[in-house]
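Hi there,

Here is the structure I promised to pass on.

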Amino acid sequence: MSIEKSTIQNLRQDYRSASLDESEVAENPYQQFEKWFQEALNAQVAEPNAMTLATTTANCVPSARIVLLKEFTDEGFVFYTNYNSKKGREIAESPFAALVFFWPDLERQIRIEGVVETVSEEESDAYFKSRPRGSQLGALTSPQSEMIPNRSYLEDKLAKLTEKHKEKDIQRPEHWGGYRVIPNRIEFWQGRSSRLHDRILYVQEKDQSWRFERLAP
């Protein structure tokens, strides 16, 4: 390897831009998420809705990838994908997931853990119709996570589908739609100096209310 170990070990940032105190956070984690998400928008963070999605197989083998948040309410956090993809198959085997948002410009991280459910067909239809036509055709074209022979396979298939659906509305394929992560734990992390970061964890109680506590960094 051409990169020295010390080069990587000496990569560090001392976080000093903000703090997070129990007296400042909302009682409801969704409200706190909305506040931070709005601040990320105001700061023009690049793709603030990009999040790591971690899933596992039935045998507890984990995998993670970046997906895009498309909706959040007090019911959960929604993203869309191919149900037959690797992530879709893993969710079918083990309907639990973790999400991570990392906004280095704000020195902030949000961790979300919970159960996963599919959104209604009506919600998936409505979102699919709102997508650019190219993205709709892409959903029809790609057998996501499956092995394909080459790039030309996709390009040829896209060309054929583009011609087939010329001047026609594109309907959502049955294998494509939304998932909602319904959290039971949400942690807000604010970077601080000397690695003494602020961590506020919200935990959902049996009565569906939320309590929060401070964690050591």
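This is a predicted model: local features need pLDDT of at least 70, side-chain atom pairs count only at pLDDT 80 or more; totals for chains, interfaces and linings use all residues.

The buried residues of helix 4, which spans residues 121-130, are S124, Y127 and F128. Looking down the helix axis, you will find the buried residues within an arc of 100°, so they line one face of helix 4.

Next, a residue in helix 5: R133. With a relative accessibility of 38%, R133 is partly exposed. What does R133 touch, leaving aside neighbours within four places in sequence? Its contacts are H165, K166, E167, K168 and I170. For H165 there is a detail to look at: the R133 side chain reaches the backbone oxygen of H165 at 2.5 Å. V115 is 18 residues from R133 along the chain, and the C-alpha atoms of the two are separated by 31 Å.

Finally, Q208. You will find Q208 in the loop that runs between strand 8 (198-204) and strand 9 (210-215). Is Q208 buried or exposed? Its relative accessible area is 51%, so Q208 counts as exposed. Its side chain also makes a polar contact with the side chain of Q204, at 3.3 Å. Between Q208 and S85, which lie 123 residues apart along the chain, the C-alpha separation is 32 Å.

Best wishes

Conventions. Residues are numbered from 1 along each chain as its sequence is written. Side-chain values use heavy atoms; hydrogens and water are left out. Buried means under 20% relative accessible area, exposed over 50%, partly exposed in between (1.4 Å probe, protein chains only). Helices (H or I, at least four residues) and strands (E, at least two) are DSSP runs, numbered from the N terminus. The arc is that of the directions from the helix axis to the C-beta atoms. A polar contact is a pair of N or O atoms within 3.5 Å; within protein, one must be able to donate a hydrogen and the other to accept it, and residues adjacent in sequence count only if both atoms are side-chain atoms. Contact means heavy atoms within 4.5 Å.
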